[in-house]
Structure formats: C-alpha cells, structure tokens
Amino acid sequence: MILATPAAQAVFERYEARAASDAQRMKELGPAGFAIRDEFLLPVGREVGELLHAMIRAHRPRRILELGTSYGYSTLFLADAAKAVGAEVVTMELADYKQEHARSQLAEAGLADAVDFRCGDALELLAADAGPWDFVLLDIWKELYLPCFEAFYPKLSEEGVICADNIIEPAMSRGEMRAYRAAVSAQADLRSTLLPVGSGIELSVKWSAGNPKL
Ligand SMILES: C[S@@+](CC[C@H](N)C(=O)[O-])C[C@H]1O[C@@H](n2cnc3c(N)ncnc32)[C@H](O)[C@@H]1O
C-alpha cells in the first residue's frame with residue numbers, strides 16, 4: 001500500500017483507473033486531445049507522487065503549496081504525506097469543477113482537513129498569501145511556470161523545496177521549461193537538479209549563503 005489508509009488507497013486506485021482510460025483516449029485523439037485537455041486528469045503519475053510523498057515525510061515542511069490541483073491526483077499524495085507530518089497543503093486551481101471533484105475525493109480519502117482549496121487565478125491567489133512556503137509543487141499550465149515562480153520565490157523559506165513537473169515531456173512545452181530552468185539557475189541561493197522521473201522533475205532547494213548548515 002502506498003498511502004496511509006485503506007480509504008486513501010482506494011481513492012488512489014480509482015484515480016489510476018481513470019488515468020489509464022484518459023491515456024488511452026488521448027492516444028486515440030492525438031494532437032486533437034489538446035483542445036479538450038480540461039477533461040483529463042493530467043496527473044503527475046505514481047512515480048512522482050511517491051517521490052513527493054517521500055520527500056515531504058523526510059523533509060517535514062509546514063506549509064505546502066500546490067499550483068494546479070486539477071482533479072486532485074497529486075493533491076492526494078501531498079495531503080497523505082502532509083497529514084503524517086502535521087503540515088497543511090494549500091492547493092490552487094482555476095477550474096472550479098475540477099477543484100470540486102478534488103475536494104470530494106480528498107474527503108472520501110479522509111484527508112480534507114489537511115487541504116486548503118483555493119479556487120481562482122494562481123497569480124492573484126499567490127499575491128494574496130504572505131507565505132512562507134516550505135515545499136512547492138509547480139504543475140500548472142506551462143506558460144505560467146515563470147510568472148508563478150517569480151510570485152512565490154520571495155516567499156520560499158530557507159531550505160524550501162520546489163518540484164516542477166513536465167520539464168522533459170511533453171516536448172511542446174520545452175521552450176517554457178528552458179525559460180523556467182534559466183530563471184531558477186539565475187538565483188544564487190537555489191541548488192537545482194533535473195530528475196528523470198515521470199515527465200521530468202526539476203528539484204530545487206534554497207540554500208542561502210548565510211545558512212549555518214552550509
Ligand atoms: C497539469 S494540470 C495539474 C495536474 C495535477 N497537479 C495532478 O497531478 O493531478 C494543470 C492545472 O493547472 C490549472 N490552471 C491553469 N491555469 C491556471 C491559473 N491561471 N490558475 C490556477 N490554475 C490554473 C489547469 O486548470 C489544470 O487543471
């Protein structure tokens with residue numbers, strides 16, 4: 001079992017079944033699938049979910065930010081790990097019907113109390129929260145990676161972690177991903193590495209020059 005309780009595991013298995021049927025449908029549709037992308041979960045996938053889960057349990061962040069709730073697949077992993085370490089997840093999503101689905105699934109998983117669902121434009125929602133953020137999952141539409149990074153980075157805590165998904169796939173987003181990675185590497189106090197897990201994760205950790213652990 002990956003998640004902490006049978007209820008959470010059952011919700012995960014349902015998401016996996018839907019992800020498999022989405023993948024089949026997207027394969028059949030080809031490029032035409034992009035026009036109806038809001039119908040699909042577009043999940044980080046099990047490998048990345050497990051990586052996020054392990055990192056949160058080991059690192060024990062207090063405040064976790066998710067940019068791009070979608071239907072709640074990644075939120076399930078974040079919330080399950082957050083509950084284990086007494087953290088809270090703030091998850092942001094523009095599409096209310098997606099976030100409502102996520103909310104119902106997290107409630108069924110017994111994890112609703114670990115999640116603060118915020119519906120609206122992520123840039124506006126980020127501006128309204130003073131932070132700090134200790135752990136960030138960046139998985140929003142790809143043209144928003146850079147403006148979102150610029151909005152949350154000043155509120156990232158020391159030793160805070162950023163996981164940015166889709167760095168390698170899909171290939172159509174590589175221009176935006178290059179711009180994101182360039183912005184991350186321009187920050188002297190971020191140590192960053194590309195992990196070939198799932199669709200490719202850029203894992204960045206804030207280590208400022210004055211950090212006594214350095
Ligand atoms: C790739 S999906 C997230 C997948 C999710 N993290 C998972 O693993 O299940 C990206 C999401 O970003 C949302 N999004 C796009 N633009 C947004 C905006 N301006 N503010 C908030 N969310 C937005 C989309 O509606 C979409 O659901």
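**Close-up views of a predicted model**

**View 1. Leu76 and its neighbours.** In this predicted model, Leu76 touches Ala8, Val11, Phe12 and Tyr15, and also Gln105, Leu106 and Ala109, leaving aside residues up to four places away in sequence.

**View 2. The largest nonpolar core.** Let's step back to the core that Leu76 belongs to: the largest nonpolar core has 55 residues. Leu76, Leu78 and Leu138 are the residues with the most contacts inside this core. Which helix gives the most to it? That is helix 3 (residues 73-85), with seven residues.

**View 3. His53 in helix 2.** Here we look at a histidine, His53, whose place is in helix 2 (residues 46-59). Is His53 buried or exposed? It has 21 other C-beta atoms within 10 Å, and 20 or more make a residue buried, so His53 is buried. Not counting residues up to four places away in sequence, His53 touches Phe77, Asp80 and Ala81. Met1 and His53 are 52 residues apart in sequence, and their C-alpha atoms are 13 Å apart in space.

**View 4. Helix 6 against helix 7.** Helix 6 (residues 145-152) packs with helix 7 (residues 174-185) at an angle of about 25 degrees, and their axes are 9 Å apart. Angles under 35 degrees count as roughly parallel, so helix 6 is roughly parallel to helix 7. On the helix 6 side, the contact is made by Tyr145, Leu146 and Phe149; helix 7 brings Glu176, Ala179, Tyr180 and Ala183. Sorted by class, this contact has six nonpolar residues, one charged residue and no polar ones.

Conventions
Residues are numbered from 1 along each chain as its sequence is written. This is a predicted model: local features need pLDDT of at least 70, side-chain atom pairs count only at pLDDT 80 or more; totals for chains, interfaces and linings use all residues. Axes are lines fitted to C-alpha atoms, for helices over the stretch in contact, and angles run from 0 to 180 degrees between N-to-C directions. Helices (H or I, at least four residues) and strands (E, at least two) are DSSP runs, numbered from the N terminus. Angles under 35 degrees count as roughly parallel, over 145 as roughly antiparallel, 65 to 115 as roughly perpendicular and the rest as oblique. Two residues are in contact if their C-beta atoms, placed from the backbone, lie within 7 Å. Ala, Val, Leu, Ile, Met, Phe, Trp, Tyr, Cys and Pro count as nonpolar, Asp, Glu, Lys and Arg as charged, and the others, Gly among them, as polar. A nonpolar core is a set of buried Ala, Val, Leu, Ile, Met, Phe, Trp, Tyr and Cys residues joined through C-beta atoms within 7 Å. A residue is buried if 20 or more other C-beta atoms lie within 10 Å of its own, exposed if 12 or fewer, and partly exposed in between; C-beta atoms are placed from the backbone.
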